[in-house]
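The sequence and the structure come first, and the description follows.

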Amino acid sequence: MINTLLIYSMVTRKYDSIEDLLSDKSFRDWILYCKDENDFWLQWMENNPAKADILNYAKAILFTISVRNAEISEDEIQNEIDKVLAEMNEGFGDEELLEVNEAGMLIKKQVSLKKWLGVALLSIVIVLTVGYFITNRRSSIQSASEASQLPLYGHTYIAAVIRYNASDTNEVVLLPDGSQVRLSPRSKLMYDSNDFSMDREISLQGEGFFKVQKDPAHPFTVHTKSVVTKVLGTSFFVKEFSYDKTASVIVRTGRVSVYKQKDFTEETKKLKLLSGVILTPNQQITYTISNSELTKSIIEKPVLLTETRPLFDFNATPVQDVFNILEEAYGINIICDVELIVGRTLSASFGKEDFYQKLTIICKAINATYELIDGTVVINFRE
C-alpha cells in the first residue's frame, strides 16, 4: 500500500506538464506495471480530461523506453527520461524526419519540431524504437541470452509486444494468429512477437474477452498473476486486476482448462502432473488469492449457446427430454435420478425466462428442487 504521506503528496501535487508526469514514480509504476493500489491515477484521469494529451505523450515515451530496455532499473528509466526531456527543452529546431512515400520509398521531410510538440514527441518514439530494432533485432534472433527479456507471470518474453488500454471503453486487439482480445479499460496484455503462432502465450493484467482461433497443434495460454488458462480454440473471459482479491475465468464457448499459476511450472508440465479444472460453457472458476482456492460454479446469468432461440414449448413432454433440451441450449450439465422421472411429463411454454427461472418453474411443476454443485445442476425430488 502507498503510505499516507505519499498519498498526500500525490493529491496536493500539480501535474501540468509531461515532465511532471514522467518524474513521478507512481505514474511510471501505473503505466508500466499497472500498479495503482489506491486508484489515484484513475481518479486523476477522470478529473483532468483536458490533460489527456500530456498523459498520452508521457505514456508513449515510457512505453518506448520499456520496449527499448526490457530489463531496466529505476535509475536507468530516469536517465532515459532525462535525455528525452533535455532534447525537448532544447526545442529541437528544424529536424529531418524519415517518411514512407506512396511508392514505399523512404524520403526526408522537413518539419518544425519546436512548433509542433506532438510531432517532436512522435519523432522521439520513432528514433528510439527504430534504433532499438536496427541494433538489436539480429542479436535477439541469434541468442535469447543476449536479447532483451521481460519475465512476467511464469513466462519469458524475448520480443515483447505490450498493449495497454488507457481509455474508458473496450479496445479490440488482433493477435498474429487471428485471435482477438476485447481488452477492458485499464487492462494490459503482453505477448512475444517471435513465433507467436507456435507459442500462443499471453500475459494479462486486468480483464479481457478472448476469441481464440482453433489450432489443436498449438494450445493458447493466458497467464495472470494467479491462474493459467489453457485452450485450443474457444471464447472466454479472464479477469484479475492488481487490486482484486480474486481471479476469475468465465467460458462462453468450448472447453477451457484452468490451473493455479504457482503449479504451472516446466517440471509439472513435463511430468504431466498438472492438476487443473475443466470448464465448459456458462461455467466459471474463481480463484481466491487469500487461501489459494479454486471454486467452480455456474455463472450468474447463463446465456444461450446459439443465436437462434430454441423452442421451449412442451406439451406432455417427458421430463428427461425437457432436461436434455435445457442442457443442449445452455451447455450446463443437469443430473437427476432417471428412475424417479420415468413416466413424468411437463406441459409448459417458456418465453424470455432466464435459465434459473425456467429451472425453478420446471422443478415446481414436478415437485422437485435443484442445487448447484461444482458447476452442475443436481435435481432432488421431494418425498
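## Q283 and its surroundings

Apart from neighbours within four places in sequence, Q283 is in contact with V249, I250, V251, I278, K296, S297, I298, I299 and G375. The model is a predicted one, and these contacts come from its coordinates. Q283 belongs to strand 16, which covers residues 283-288. Is Q283 buried or exposed? Its relative accessibility is 5%, so Q283 counts as buried.

One of its polar atoms lies 2.9 Å from the backbone nitrogen of T280.

## Strand 16 and its partners

Strand 16 pairs with strand 13 (residues 246-253); the two run antiparallel and are joined by five bridges. Within this pairing, A247 has Y287 of strand 16 as its bridge partner. Strand 16 also pairs with strand 17 (residues 293-298), again in the antiparallel sense, over six bridges. Here I285 stands opposite K296 of strand 17. Strands 16 and 17 form a hairpin, with four residues between them. In the turn, S292 has a positive phi of about 60°.

In general, the side chains of a regular strand alternate between the two faces of the sheet.

Another part of the model holds an open sheet of three strands in the order 19-22-21, with mixed pairing. Strand 19 (334-335) and strand 21 (368-373) are at the edges, and each has a single partner strand, so one side of each has no neighbour in the sheet. Strand 19 pairs with strand 22 (residues 376-381) in the parallel sense, over two bridges. The bridge partner of I334 in strand 22 is V377.

I335 also lies in strand 19. It is partly exposed, with a relative accessible area of 41%. Not counting residues up to four places away in sequence, I335 touches T376, V377, V378 and I379. The C-alpha atoms of I335 and V377 are separated by 6.1 Å, although the two residues are 42 apart along the chain.

Helix 12 (residues 355-365) lies across strand 21 and strand 22, and runs at about 140° to strand 21.

## Cysteines

How many disulfides does a search of the whole structure find? The search finds zero. A disulfide is a covalent bond between the sulfur atoms of two cysteines. For C336, the closest cysteine sulfur is that of C363, at 9.5 Å, which is too far for a bond. C363 is likewise in no disulfide, the sulfur of C336 being the nearest to its own.

| Residue | Relative accessibility | Class |
|---|---|---|
| Q283 | 5% | buried |
| C336 | 15% | buried |
| C363 | 2% | buried |

## Confidence

The protein has a mean pLDDT of 75, and 67% of its residues reach 70 or more. Over residues 1-8 pLDDT stays under 50, and the model has seven contacts beyond four places in sequence for them. Over residues 122-151 pLDDT also stays under 50, with 42 such contacts in the model. Where pLDDT is low, the predicted coordinates should not be read in detail.

Notes. Residues numbered from 1 in each chain as written. Predicted model: local features only at pLDDT ≥ 70, side-chain atom pairs only at ≥ 80, totals over all residues. Heavy atoms only, no water. Pairing = 2+ DSSP bridges. Contact = heavy atoms within 4.5 Å. Axes fitted to C-alpha atoms, helices over the stretch in contact; angles between N-to-C directions. Buried < 20%, exposed > 50% of the residue type's maximum accessible area, 1.4 Å probe, protein only. Polar contact = N/O pair within 3.5 Å; in protein donor to acceptor, adjacent residues only side chain to side chain. pLDDT = per-residue confidence, 0-100. Disulfide = S-S within 2.5 Å.
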